[in-house]
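Try each task before you read its solution.

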Amino acid sequence: MPASPAGVAALDDKSRHSLESDLNPDEHTPDSRSRVVQSQTINFGAPHPSTNNRSIYNVTRSRSRDTVRSARSSRSISHPSPAAGIPIEFRTISFQISESQAATQEVLKARGKEEQKPDQDYFESLDFHLLSTERLCQQFNLDANQGLSNNAAQTRLQRDGKNAIAHHRENYLKKIFWYVFGGFCSVLWIGVIIFFLCWRPLSNPPSVPNLAMAILVIIVIALQASFSAFQDWSTSRVMNSILGLLPSDALVMREGNLVRLPAADLVAGDLVHISIGNKVPADMRIIRSSGDVRFDRSILTGESDEVEGATDATDQNFLETRNIAFMGTSVTNGNAVGVVVLTGSRSVMGRLASITANVKEKPTLIQKEISRFVRIIVVLTVILAAAILFTWVGWLRVDHSDFMNVVAMLNDVMGCVVAFIPEGMPVGVALTLMIVAKRMKANNILPKGLATVETLGCVNVICSDKTGTLTQNKMFVQSLGLVDQEFDLQALVSGQEKSIPIPSALEPLVQGSALCNDAFFDQETKDLPINERTVNGNATDAAVLRLVETLRPNGKTGLHEYERIHQIPFNSKNKWMLTIHKTPHAPNRCLVYVKGAPDVLLPHCSSYLSGDGITKTMDAAARESFSAFQQKLSRRAQRVIVLCQKDYVPTAPVGTNDFNDEILAHGVQDLTIVGIFGIIDPARPEIPATVAACRRAGIRFFMVTGDFGLTAAAIARDIGIFTGTAEPNTVSDLQALSADSVDEGDQEKHSRRSLLVEGSQIPALNQAQWDAICQYEEIVFARTTPEQKLRIVEELKARDSVVAVTGDGVNDAPALRAADIGIAVVSGSDVAIEAADLVLLDRFDSIIDAIRLGRLVFQNLQKVIAYLLPAGSWSEIWPVIMNVFFGVPLPLSSFLMIIICVFTDLFLSLSLIMEKEEFDLLSLPPRNHKTDHLINLKIYGQSYLFIGVIEAVCAHAMFFLYMYKKAGIPFHALIFAFGKYSDGFYGYSEAELTHFNAVGQSVYFVSLVIMQWGNILSVRNKRLSLLQADPIRKKQRNLWLPLAMLVSLAIAVFVTEEPGLQSLFSTASIPLEFWFIPLGLAAGVLAMDEGRKVVVRMFPRSVVAKIAW
């Protein structure tokens, strides 16, 4: 609608000045000014922060929407059919624009403001493609021959900003905050505050040990935060290097000179020259072309069909017209000159990037699991700390005032906090994920975040794009034949390798394929295998060139005598390409080759070259044979191309207009068919095995593509997504199944594993149909738009599926971001890479390794936690309980608790990270993320009630044994001692009792450290015995384990023997025999768990087996 007068009046003087500065002064006539007043303002983007002037994209439109609508009725713009025009509507917004343009004013008003979509309005308001070249140049104050002046370009660059897509920016302050205060750190900071208070003012004189404890806890927090920050930093550094591999320059006309500039320095109004092999650096309106310019829009559409460029509008829709070249697309043929109309974030790719960035990030499954564990531990910690506090307030402070003062009580509270919280677990988890991420990188898989690694382990649905992901995004000739004979292409290739000449009937085909071809190999890749070489040219020519080079290496070298003297490029009207060549032995005759669509060329063919090398008449039988061969190739989803030739004697001079007219009139008549090609974008060779491996692992593999259903279904059958021979179900079958009239017999007849869903059917699906769809094992979604891909992901996730999405195009980005895990290929667009959680750096089958490692990391994390909890939590909380509720001198100090959690146990737990899988993890179904938790009741039972109880009892026994053996104080005297354990107790002084307690605490500490050796030997395998999977033999070898044992022993010796630590933290040297007794206890821990494993293996249905972890 036209803008209101108030809206026009709101334009400030600076915006008017900006507009006038970009328009030709000759345009400032009364009429033009009146048109400005009557037109609406397009708010394309916010002002650039460096200036108060409005962007050039805030210019007032040259015509109102009503004017455009009236122009639509008067212009005779052709509306090609979907098959003849742009091969796929690549943008959901494009559908919305077309629908809006076709709707009446009443319908538009009835929709109301609540349905307005900013992106739809943005692109619907653009009319750059509708303007004449002269008007376009006037709007941008551009000389079509000279380009912009350097001063004008610099002004616009300062005002509008760089021609670069604004990537998603991290909120680093928020990330740092969660590094430092997230998870267990929030509780540990409370401990820091309490330790500082216990240092002073609560202690007089100030307590240096409490100050040291506060500093130690801060170090633990810093250690946890540093590990998380380092992993994020290292991953983002690699990501930035990937995103930096983008085209960086453009050929621009400035002040009459062609100069090469960084693409980021382009501004609206720049005159850019593009040619074959270039990437389009910004959204451009084409004003001149070679007539055969074509673009590969697969980076936007996801499909490999090329789009022929034009200089005039071919569609009212900005996103569908072919006289706009979009940023990031590739020039596959010809050359063109265009005016930059949209740059950076205002371009189509930039807008899609902003849509992707707006998808809210959700916590990953491992983050949810760890958060759940943190909540449980924090709740237990608070309950126990509160119990200690209330016990002291209500009982100990009254009845045993000399036993525990405020500082001692707070120390016990903090002992409870330090004991219950396994401080080493976040570091252990981070290191586990980091090491597995490193393994993934070694397998050419780049995880963008630590938490991404584990999510792969519970993926049960993979939705994969087709073009460029499942297929090679390269066209190849897969079928070859004559009208009456099909050739085995593999046999021909094998024969060539064995120097067997090709059949003589194919000689004309090979020669014509080489001559009627504009593609050529990049010289830098000429030494590579043929299929790996870079080809400059359109997809069809490239496919035929690869075939020629395969059947006859250097096939063009002997054809220099057949000089090309004339050509008619392929266009959407003719649907064929024609070349004319000199005939070496007949100077007056020409050799005409025509290559194109069979439906167009077949009516012009009167003969064909048969398999015996004889030219035969194209009679009814031959046409039937041709039609059968064409249908056969079409069923294989191959594009059929026919090559024809003709000997011709021209009458008009070569190179004249008359010659061209003569060729158009007579050159494409009475043709002889010399070959038929079946061309396809084939699947990557590793895809079938990848799909099969995913299915074996219990993962459903779906295809979600923008391509046609027939093509998608054929590819799906080739790669194993569709496994049966029957045709797949369709949405109409779902409707039949849901009808009340369908009986059980019909339901059984319609019940199949496979389903083909067309994108046009998705909006009409109801929830019951989605429920039915999501139950299918094999699905192909065809002709889907970006919004529909996003909808598919959301519907699957709503039904408890853990969804991975793979893709490479901009159109995949929203779905990549919304999925539980997005997987991009490194050859894809930078927007897709940024939206993804995981990047495949090489082959697609590396996704199987990623899934295996994801499952392994979950298994190993469970082992790490099951190892850390017995000593790092359960066996540390009982000394506090014994001290507070039973009056026993504290058997383990807070300092030694931290040493166990963060040092001795941590190093041993890291060896578990290196454990190999016990069995083939891909033979199991994915874990259920709602029921199979990282830390479950079975692990709590194993860690707390089984191993934890054994270790706690044994460690206390060692403490009491030392007190009895070395101090002569029996167990019964220590129980309920409370304040009696002071000067004079059993005849000892205060200093002597303090020393006995310090040595006893060190004995408890060393006992736990050594008993954990038995624990780690048992916990490294859930079912296998140590005799079956020891850490020395090759099958389950883990030499990090004995090394980690030595490190933990060294730490224990250092902590107990270092005089400085003895003075600061009240540790002490322990008698020699108390280093050896725990070895037997460790063997006992191992023996007890080995017994559990024997029972589980022998009686898999027993109660023990059911509660075993």
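## Exercise 1: A proline in a loop

Pro 682 sits in the loop between strand 22 (671-680) and helix 25 (687-696); helices (H or I, at least four residues) and strands (E, at least two) are DSSP runs, numbered from the N terminus. This is a predicted model, in which local features need pLDDT of at least 70, side-chain atom pairs count only at pLDDT 80 or more, and totals for chains, interfaces and linings use all residues. Residues are numbered from 1 along each chain as its sequence is written, and side-chain values use heavy atoms, with hydrogens and water left out.

**Task.** Is Pro 682 buried or exposed, and which residues does Pro 682 touch, not counting those up to four places away in sequence?

**Solution.** 
- Step 1: Start with accessibility. Pro 682 counts as buried because its relative accessibility is 12%; buried means under 20% relative accessible area, exposed over 50%, and partly exposed in between (1.4 Å probe, protein chains only).
- Step 2: Turn to contacts, meaning heavy atoms within 4.5 Å. Leaving out residues up to four places away in sequence, Pro 682 touches Thr 471, Gln 472, Lys 474, Phe 476 and Gln 478.
- Step 3: Ile 715 is 33 residues from Pro 682 along the chain, and their C-alpha atoms are separated by 7.9 Å.

## Exercise 2: Backbone angles

**Task.** Which peptide bond has omega near 15 degrees, and what is the phi of Phe 978?

**Solution.** 
- Step 1: Recall the background. Most residues other than glycine have a negative phi, and most peptide bonds are trans.
- Step 2: Look at omega. The bond from Arg 200 to Pro 201 is cis, with omega near 15 degrees, and the bond from Asn 204 to Pro 205 is cis too, with omega near 5 degrees. Pro 201 belongs to the loop between helix 11 (185-199) and helix 12 (208-243), and Pro 205 also has its place between helix 11 and helix 12.
- Step 3: Look at phi. Phe 978, which is not a glycine, has a positive phi near 50 degrees, and its relative accessible area of 4% makes it buried.
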